[in-house]
Amino acid sequence: MFRAIVDLDEEEGKRAGVKLIKEKIDPVEGIEKGLSKGMKIVGEKFNNSEIYLPEMIMAADVFNSVMEILKPHISAERLDKVKRGTVVIGTVKGDIHAIGKDIVAMLLETAGFTVYNLGTDVATSTFIEEARKVNADIIGLSSLLTTTMPSQKDVIDILKETGDRDKYTILIGGAPTSQDWADEIGADGYGETAESAGSLCSELVAKKRII
Ligand code: B12
């Protein structure tokens with residue numbers, strides 16, 4: 001699956017996905033160790049001008065095709081079903097990267113959370129309005145561009161201004177973000193991978209005794 005992403009080979013990706021399921025290998029492990037690692041290489045190649053935007057789009061298409069095969073086989077037991085909660089998640093304004101955020105949303109759903117996936121390029125006000133509307137416990141903010149990271153801070157700043165900050169647990173993620181950035185902007189948590197997001201959400205929700 002790793003090679004299929006790097007070689008932009010959709011058919012090979014699908015074959016590898018089917019083989020993984022047949023051999024009863026954990027699909028989440030396949031996503032993290034195969035597909036996501038391949039995407040990192042694609043990003044590096046793009047950075048070094050070895051490939052261009054159309055190739056990045058093709059890599060994303062391969063990723064999504066393989067995900068369609070793996071998705072139905074991700075079992076709920078794979079993740080801790082400690083506490084449930086409601087999560088509003090999206091990619092921040094100006095950013096159209098969807099793949100990582102969609103994996104996080106999917107894994108949270110299989111972990112028993114109710115997830116409202118707002119999509120990409122989500123306005124700051126939309127995160128807040130939706131969280132209010134669905135009485136969310138957690139707001140998940142994804143950012144893949146250094147230029148859009150400040151939008152994660154904007155959501156937190158506005159919640160502080162309106163006195164609503166403590167109503168929500170705020171989780172950030174995306175390749176350029178870090179625990180340091182989470183601390184700096186006052187987020188409650190940072191998830192490096194989708195898997196860690198699942199356990200982090202359960203942990204944070206339990207800690208805040210929201211449920
Ligand atoms: C695929 C891709 C695209 C695709 C996106 C397709 C889609 N539908 O999502 C397309 C081709 C559209 C694209 C466009 C662009 N891209 Co792009 N893209 C990538 C690439 C190769 C992979 C991203 C990805 O899907 N990774 C796989 C997923 C599984 O990983 P992930 O997103 O990091 O998510 C994981 C974790 O971060 C975490 N996570 C993610 N979100 C969240 C949220 C929460 C709450 C939590 C807890 C965890 C979490 O969990 C996920 C699963 O483990 C990266 C390279 C990279 N190394 O990231 C560049 C990259 C992000 N892109 C980059 C750039 C520059 C662009 C463009 C500006 C290019 C251009 N010139 O137009 C545009 C921006 C468009 C826009 N306005 O957003 C740069 C960003 C540089 C920077 N630091 O700012 C990168 C790093 C490439 C590079 N090396 O230069 N891109």
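In the predicted model, a polar side-chain atom of S142 is placed 2.8 Å from a nitrogen atom of the ligand. S142 belongs to β3 (138-142), one of the elements that give two or more residues to the shell around the ligand; the others are α3 (27-47), α4 (53-70), α5 (99-110), β4 (169-173) and α9 (194-208). Of these elements, α3 gives the most to the shell, with six residues.

A nitrogen atom of the ligand lies 2.9 Å from a backbone N or O atom of G43. At A98, a polar backbone atom is 2.7 Å from an oxygen atom of the ligand. G43, A98 and S142, together with I96 and H97, come nearest to the ligand among the 36 residues around it. By residue class, the shell consists of 20 nonpolar, 13 polar and three charged residues. The space that the ligand takes is the largest pocket.

H97 is located in the loop between β1 (86-91) and α5.

With regard to the overall fold, the chain contains nine helices and five strands. Along the sequence, these elements follow the pattern α-α-α-α-β-α-β-α-β-α-β-α-β-α. The C-alpha trace spans about 50 × 40 × 25 Å along its principal axes. The radius of gyration of the chain is 17 Å, which agrees with a compact globule, because a globule of 211 residues would have a value near 17 Å.

Note on methods. Residues numbered from 1 in each chain as written. Predicted model: local features only at pLDDT ≥ 70, side-chain atom pairs only at ≥ 80, totals over all residues. Heavy atoms only, no water. Near = heavy atom within 4 Å. Polar contact = N/O pair within 3.5 Å; in protein donor to acceptor, adjacent residues only side chain to side chain. 1 Å grid on protein atoms, 1.4 Å probe; cavity = no way out; pocket = protein on both sides within 12 Å on 5 of 7 lines; lining within 4 Å. Sits in = over half its atoms within 2 Å of the grid points. Helix = DSSP H or I, 4+ residues; strand = E, 2+ residues; numbered from the N terminus. Nonpolar A, V, L, I, M, F, W, Y, C, P; charged D, E, K, R; others polar. Rg over C-alpha atoms; globule rule 2.2 N^0.38 Å.
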